Amino acid sequence: MRRRMGFVFIIAFILMAAGLLAATCLGAKPLSMQVVWDSIFNYDGGLDAMLVRDSRLPRALCAAVVGGLLSMAGAVMQGITRNPIAEPSIMGVTQGATLAVAVASVNMSVYGLLGNTFAALIGAVASGFLVLLFSISSARNMSLSRLLMAGTAISTFFLSMASVVALLGNRSQDLAFWLSGGFRTATWKYVWMLLPVGSLCAAFAMMLSGKINIISLGDDTAVGLGVKPVQVRIQSVAVIIPMCAVCVAAAGNIAFVGLIIPHIIRKILGQDYRRLIPASFICGAALLVWADVAAKTINMPYETPIGLFSSLLGIPVFISLVRREKS
Amino acid sequence: MKKRMTAVMPVGIVMLLAICLFALLYGSYEMSLGQIFKTIFYGGTPSEHVAVWGIRLPRILVSIFIGVALSASGCTMQGVTRNPLAEPGIIGINAGATLAVVLYIANQSTMYYSALGAGTLIFTPLISMLGAFAAAGLIYGLAYKKGDTGRNRLILVGVGINIAISSVVVLFQLSMNKGSYNQALTWTNGSLWGTGFLYLAMIAPVTVIIFAVLIYKSRTLDVLSLGDEIATGLGIAVEKERKKFLFLAVLLASAAVAVAGNIAFVGLIGPHIAQKLVGAVHRRKLPAAAVISACLVVLADTLARNLFSPVEIPLGILLSLIGVPYFIYLMIRER
């Protein structure tokens with residue numbers, strides 16, 4: 001397993017690096033590698049250099065970090081709910097954050113007070129509590145269908161609220177933009193927000209991974225091994241919430257990333273969350289960087305929403321997971 | 001329970017009438033009770049006529065039928081899947097219908113509101129039915145394994161398909177202009193904005209016929225909801241009957257979506273309250289659920305129309321705001 005782990009890491013890292021390079025080179029205006037190199041290391045203030053520095057680079061980095069964080073959050077959620085389909089967008093956490101972003105963008109006084117990120121954080125906290133409630137109250141006999149229905153109901157609720165807010169604020173078409181997600185507006189500001197929050201949460205998630213391993217064996221086993229399941233769940237949700245909040249603030253609602261990546265990695269590396277969580281981060285980063293490249297280039301010069309690619313990849317995984325459940 | 005039924009039905013119907021009266025009275029154009037009766041029976045001033053005959057009355061009647069159709073659809077789905085949380089809005093049937101209509105709007109020439117021809121009005125429901133059946137077929141096909149669709153698999157696959165279709169709908173909405181977007185919005189969120197008597201003609205016959213068929217076949221539904229083994233033991237071709245009932249349920253849901261757009265949770269709330277009041281026998285549960293849901297939809301539509309007047313909140317959104325807390329309450333309690 002250890003060798004496989006190294007192998008996965010190297011492959012994913014190469015993929016991610018290649019993706020980052022492609023993301024800076026490709027776009028509505030293709031740039032050569034030479035130009036990219038120059039604009040990073042010999043900045044001359046030309047148009048191409050500005051394009052790379054102010055638009056392409058932050059966008060690529062945002063995509064990488066958001067992809068990593070989302071799949072990491074998915075892996076942690078699957079561990080604490082013991083349910084292979086748990087994922088931030090399916091469980092309604094990103095929708096809660098979306099609602100808060102909608103409120104902030106409609107109401108200028110709220111926006112001035114909090115800004116998008118902080119508002120998203122508040123929304124994610126509220127919906128995270130609901131997830132926590134469900135994962136604690138019925139983790140013993142939580143079937144796939146119950147968790148999924150609960151998540152669907154919660155996300156429907158938040159989306160309905162968001163629609164009302166957008167409608168009353170006369171911003172209803174913007175709602176579609178928040179919901180579809182993407183990196184059109186990525187700037188360095190978002191990168192500087194994502195990196196510290198993300199690395200902090202990732203570090204905490206790594207620290208928790210041993211305990212998540214034990215929780216994923218079942219509550220009774222966990223208690224027998226001296227781990228308090230409720231405590232670990234609260235800590236884990238506390239780690240997930242800021243992750244999801246910064247992701248939604250930066251990129252809107254991107255579904256299924258947290259479902260696909262951990263599922264595939266589990267196949268390769270097994271159930272050990274100490275390996276699963278970091279591997280999820282790096283593979284998720286690679287996936288979303290490439291998805292963003294596709295979003296930029298498939299219908300040039302227009303953007304294809306990135307959620308399309310994540311859903312296209314995610315639905316088959318989802319269906320296969322569901323079909324496996326015993327009736 | 002039989003005795004209860006004789007108590008529940010009259011009370012329910014009286015309540016429905018009272019709510020309808022309230023819906024007639026409450027609106028941005030103020031009218032007294034006397035004026036309303038005068039307008040209904042003798043005809044009033046032109047503006048009174050528009051308010052009552054043009055807006056409020058058709059909306060109330062269509063709301064009633066939507067409530068009946070969706071609750072019967074939900075009731076049937078819960079019976080055949082034996083999952084108390086099954087509902088056409090949650091498992092993606094409504095979303096399929098919505099997607100079809102949104103696609104249609106996106107590819108149409110730009111004609112809005114008053115410019116809509118009668119052809120569009122008749123064509124749209126057909127398209128929505130097509131979408132509903134396509135979604136239902138897809139869900140059924142993906143859930144089908146080794147000769148049956150399982151107890152949960154159908155719903156789980158449905159929820160996934162629902163998410164997928166909704167994201168596709170959002171994609172199309174992004175590329176629309178403002179006018180088409182607003183038109184599509186009434187579908188994706190479920191609204192009775194601009195409902196006329198033509199809509200009533202579209203939903204009423206289908207609903208009445210299928211409802212009668214369901215009542216007629218309610219014994220089979222009762223047996224199916226006991227479980228596959230018992231039903232087989234009692235001589236029922238389970239998967240075949242399940243398919244038939246699902247077909248009827250989808251037809252009902254698509255009729256409702258065709259006039260009102262994507263409305264969720266009605267198929268859940270009505271049947272649940274009905275089951276508590278009159279028990280699980282479908283011959284009693286179906287009518288009781290229909291009356292309760294009709295009350296709910298008429299009330300919700302009246303509020304949607306007036307709560308933030310002059311802005312109208314889509315009916316579907318208001319119903320999810322009511323429905324979700326109830327749904328979650330059910331899930332937590334049912335454990």
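The model is predicted, so local features are reported only at pLDDT of at least 70 and side-chain atom pairs only at pLDDT 80 or more, while totals for chains, interfaces and linings use all residues. Residues are numbered from 1 along each chain as its sequence is written, and chains are lettered from A and ligands numbered from 1 in the order in which they are written.

## The two chains

Chain A contains 13 helices and zero strands, and chain B contains 14 helices and zero strands. Helices (H or I, at least four residues) and strands (E, at least two) are DSSP runs, numbered from the N terminus. A residue is buried if 20 or more other C-beta atoms lie within 10 Å of its own, exposed if 12 or fewer, and partly exposed in between, with C-beta atoms placed from the backbone.

| Chain | Residues buried | C-alpha extent along principal axes |
|---|---|---|
| Chain A | 56% of 327 residues | roughly 65 × 55 × 35 Å |
| Chain B | 53% of 335 residues | about 65 × 55 × 35 Å |

For chain A, the radius of gyration is 20 Å, which agrees with the value near 20 Å for a compact globule of 327 residues. Chain B, with 335 residues, also has 20 Å, in agreement with a globule value near 20 Å. The radius is taken over C-alpha atoms, and the globule rule is 2.2 Å times the number of residues to the power 0.38.

Two residues are in contact if their C-beta atoms, placed from the backbone, lie within 7 Å. Among contacts in chain A between residues at least 6 apart in sequence, 79% join residues at least 24 apart. For chain B, under that separation of at least 6, the share joining residues at least 24 apart is 79%.

## The nonpolar core

A nonpolar core is a set of buried Ala, Val, Leu, Ile, Met, Phe, Trp, Tyr and Cys residues joined through C-beta atoms within 7 Å. The largest one has 228 residues, and those with the most contacts inside it are Cys62(A), Val66(A), Val76(A), Cys244(A), Val289(A), Ile66(B) and Ala256(B). Helix H3 of chain A (residues 47-81) provides the largest share of this core, 17 residues.

Apart from neighbours within four places in sequence, Ile66(B) is in contact with Ile203(B), Ala256(B), Val259(B), Ala260(B), Ile263(B) and Val297(B).

## Contact between the chains

Across the interface, 38 residues of chain B are in contact with 37 residues of chain A. On the chain B side, helices H6 (153-174), H7 (178-189) and H14 (315-334) each supply at least two residues. H6(B) gives the most, with 13 residues. The residues on this side of chain B divide into 25 nonpolar, eight polar and five charged. Here Ala, Val, Leu, Ile, Met, Phe, Trp, Tyr, Cys and Pro count as nonpolar, Asp, Glu, Lys and Arg as charged, and the others, Gly among them, as polar.

H6(B) is mostly covered, with 18 of its 22 residues buried.

## A buried aspartate in chain A

Asp292(A) is found in helix H12 of chain A (residues 273-297). With 28 C-beta neighbours inside 10 Å, Asp292(A) counts as buried. Asp292(A) and Ala60(A) are separated by 232 residues in sequence, yet their C-alpha atoms are 7.8 Å apart. Beyond neighbours within four places in sequence, Asp292(A) is in contact with Ala23(A), Ala63(A), Phe183(A) and Ile306(A).

H12(A) is largely enclosed by the rest of the structure, because 22 of its 25 residues are buried.

## Positive phi angles in chain B

Arg82(B), a residue other than glycine, has a positive phi near 55°. Arg82(B) lies in the loop between helix H3 (46-81) and helix H4 (93-106) of chain B. With 14 other C-beta atoms within 10 Å, Arg82(B) is partly exposed.

Phe265(B) is not a glycine either, and has a positive phi of about 75°. Phe265(B) is placed in the loop between helix H11 (238-260) and helix H12 (266-278) of chain B. Phe265(B) counts as buried, because 26 C-beta neighbours lie inside 10 Å.
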